[in-house]
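Colleague: I have the sequence and the coordinates open. Can we go through them by question and answer?

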Amino acid sequence: MSEILAAIDEMAAQQLFDTEVAALGTQSTSGSSSLGPFGVSYAVSGTLSNGTVDLIAPATVEIADLRLDWHVDLTFQLDIGDFIPDIHIPQVCIHIPCVGTVCTPKIDIVWPTVPVHVSFGDFLLTTVDLGVALSLVSGVWKVEGIVQGVPSLQFGASTAALLAAIGLAVSAAVAWVPLIGPFLAVLVGAVVAAIGIAGLTGLLGPIITPFVSGTRFPITDVPALFEVLPASGPFDPAVFVTVDSLGAEIQHNPPEDELVVLADITA
Amino acid sequence: MSLTETSEVFVAVEESALNDLITAVCTTRPHLLHYGSPAFVPASSTSATQMAPIPFPGSSGLQWSVELGIPRLDLFKQDEALPPELSLGAGQFSLSTVVTLCVDCASRGKNDPRGEDRPEHEHEHDPNHDPNRDDKPWRDDRDDWGKAQNPMCCRLDVYAVGHLVSTWAGGQRAIGFAVDSVEIVDIEPNALESVIECLLTMILRSVLATLSLPVTALELGAFTLTPTVGPLIDVNRVLARGDF
């Protein structure tokens, strides 16, 4: 039996995780990936806010409706020629009596490649299971809740909205291209179709999931050399005890589920 | 039954851990357990606390010292044997320790004139008196400090029962230890035993008044506890409940 036992109920655990999740702040990353047929560079940020904590014995903290607010900035190069054929109208000459030879101009339209910038944000809700993990790092016992596995994030309506945003971004990006007008609707439709829902989820999943998976939520830190009393004068040095072992678990003690920290000390 | 019951936080400290905490305090700050006049304690330090000699007419003051061993606590229910005069009730702790009482049995201090005693007020006209050294409320015989001439000591096994009290330490909520009664074994006659027990009760109360443990130490700072119940003695442990 452990010498020291400290326990909190689910209500206190809720407060604890509210604080810890808020303390994580905004995470961000950038890189390059694929968006359907396009190579894309991205910068993405995500901010977690806590859901509903459920303590499940013996070692799981479930957070339901964990909210992730995310924002992504995408840039990709759109070669219009990949979607609308270049136009080559050769010169045609005809001989007109009394006038001579009349030729039409030769027309060559080679569609340019244009950069497309898309900025979009949304949120999603997910449920994660945290395993209660213990480690001794640099003389500090750390109890953390670590997201188990890779949660499957459901982007839902976000994907349709993001596809629409991409369509608008394409329209804006090619607006300056001469003679694009008649082809604009076709171009936007073709680009959106080429990316598709699969292309979006193929991009968003891998770049946004890390904001949730593997995340460590600190539960408590206990120095292995714990200060019982601070120094308070020339004859009263600080008093320490050694925390020999520390443990953490979820106990089902009806009617409560409780997060319990257990410790043994020596003078 | 849940640990937290209607509260949010629960903390329990087994008596072995409580004794570890007390041992840590007493070994780091042994002066909390060791007091004496200058012949025994030449200066206050981490090891001991210097106090005044006991004033007494016709002498430069009785030199003395009191040193307690690290107290060992047994929380209700009783695990450690107690003298029959003591019983451990619910919510109480028992305490056992060894007290060493010493007096310096020297007949006179080396500066005392033989055969007559000098009135205290003549001290002011003493040409050898250095007012700068007169920073203690007792006779300045510091050349003799730490040199008890004829120390006589006795060791007494002391048992006590007491209860926890709420107090403050370093601005934090803390638990303190209050003595209810003291028993010394095998002193005759009974009147002497009563006097010694009374003396040691007062000493123990004073010493324990300086010995307190912050509530944060009881739960190693794992969770922030604002006690609404306790700390109190449960069966062989101290527990507290409160808000997060």
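Colleague: How many bridges join strand 4 of chain A to strand 5 of chain A?
Modeller: This is a predicted model, in which local features need pLDDT of at least 70, side-chain atom pairs count only at pLDDT 80 or more, and totals for chains, interfaces and linings use all residues. Residues are numbered from 1 along each chain as its sequence is written, while chains are lettered from A and ligands numbered from 1 in the order in which they are written. Strands (E, at least two residues) and helices (H or I, at least four) are DSSP runs numbered from the N terminus, and two strands pair if DSSP finds at least two bridges between them. Strand 4 and strand 5 of chain A run antiparallel, and the number of bridges joining them is five.

Colleague: Which residue is the bridge partner of A:Ile56 in strand 5 of chain A?
Modeller: A hairpin links strand 4 of chain A to strand 5 of chain A through three residues. A:Ile56 belongs to the uncovered face of strand 4 of chain A, along with A:Thr52 and A:Asp54. Its bridge partner in strand 5 of chain A is A:Thr60.

Colleague: Which peptide bond in the loop with A:Pro58 is cis, and what is omega near?
Modeller: A:Pro58 sits in the loop between strand 4 and strand 5 of chain A. The cis bond runs from A:Ala57 to A:Pro58, with omega near 5°.

Colleague: Is A:Asp65 buried or exposed?
Modeller: A:Asp65 lies in strand 5 of chain A. Its phi is positive, about 60°, although A:Asp65 is not a glycine. A residue is buried if 20 or more other C-beta atoms lie within 10 Å of its own, exposed if 12 or fewer, and partly exposed in between, with C-beta atoms placed from the backbone. A:Asp65 has 11 other C-beta atoms within 10 Å, so the class is exposed.

Colleague: Why does A:Ser33 count as partly exposed?
Modeller: A:Ser33 lies in strand 2 (residues 26-35) of chain A. Two residues are in contact if their C-beta atoms, placed from the backbone, lie within 7 Å. Leaving aside neighbours within four places in sequence, the contacts of A:Ser33 include A:Val40, A:Tyr42 and A:Pro206. A:Ser33 counts as partly exposed because its C-beta neighbours inside 10 Å number 17.

Colleague: How far apart in space are A:Ser33 and A:Pro206, C-alpha to C-alpha?
Modeller: In sequence, A:Ser33 and A:Pro206 are 173 residues apart. In space, C-alpha to C-alpha, the value is 9.3 Å.

Colleague: Which residue follows helix 1 of chain A?
Modeller: Helix 1 (residues 10-24) of chain A has buried residues, among them A:Leu16, A:Phe17 and A:Val21. The residue after helix 1 of chain A has a positive phi, near 70°. That residue is A:Gly25.

Colleague: Now the other chain. Which element gives the largest share of the side of chain B that touches chain A?
Modeller: The contact takes 36 residues from chain B and 34 residues from chain A. On the side of chain B, strand 1 (9-14), helix 1 (15-28) and strand 9 (212-214) each give two or more residues. The largest share is nine residues, from helix 1 of chain B.

Colleague: In which sense do strand 1 of chain A and strand 1 of chain B pair?
Modeller: Strand 1 of chain A covers residues 4-8. A:Ile8 stands opposite B:Val9 in strand 1 of chain B. The two strands pair over five bridges, and the sense is antiparallel.

Colleague: How many residues does the largest nonpolar core have?
Modeller: A nonpolar core is a set of buried Ala, Val, Leu, Ile, Met, Phe, Trp, Tyr and Cys residues joined through C-beta atoms within 7 Å. In the largest one, A:Val228, B:Val11 and B:Leu21 have the most contacts. B:Leu21 touches A:Val228, A:Val241, B:Leu213 and B:Ala217, not counting residues up to four places away in sequence. The residue total of this core is 123.

Colleague: Over which residues of chain B does pLDDT stay under 50?
Modeller: pLDDT is the predictor's confidence in each residue, from 0 to 100. Chain B has a mean pLDDT of 83, and 84% of its residues reach 70 or more. Where pLDDT is low, predicted coordinates should not be read in detail. In chain B, the stretch under 50 is residues 115-134.
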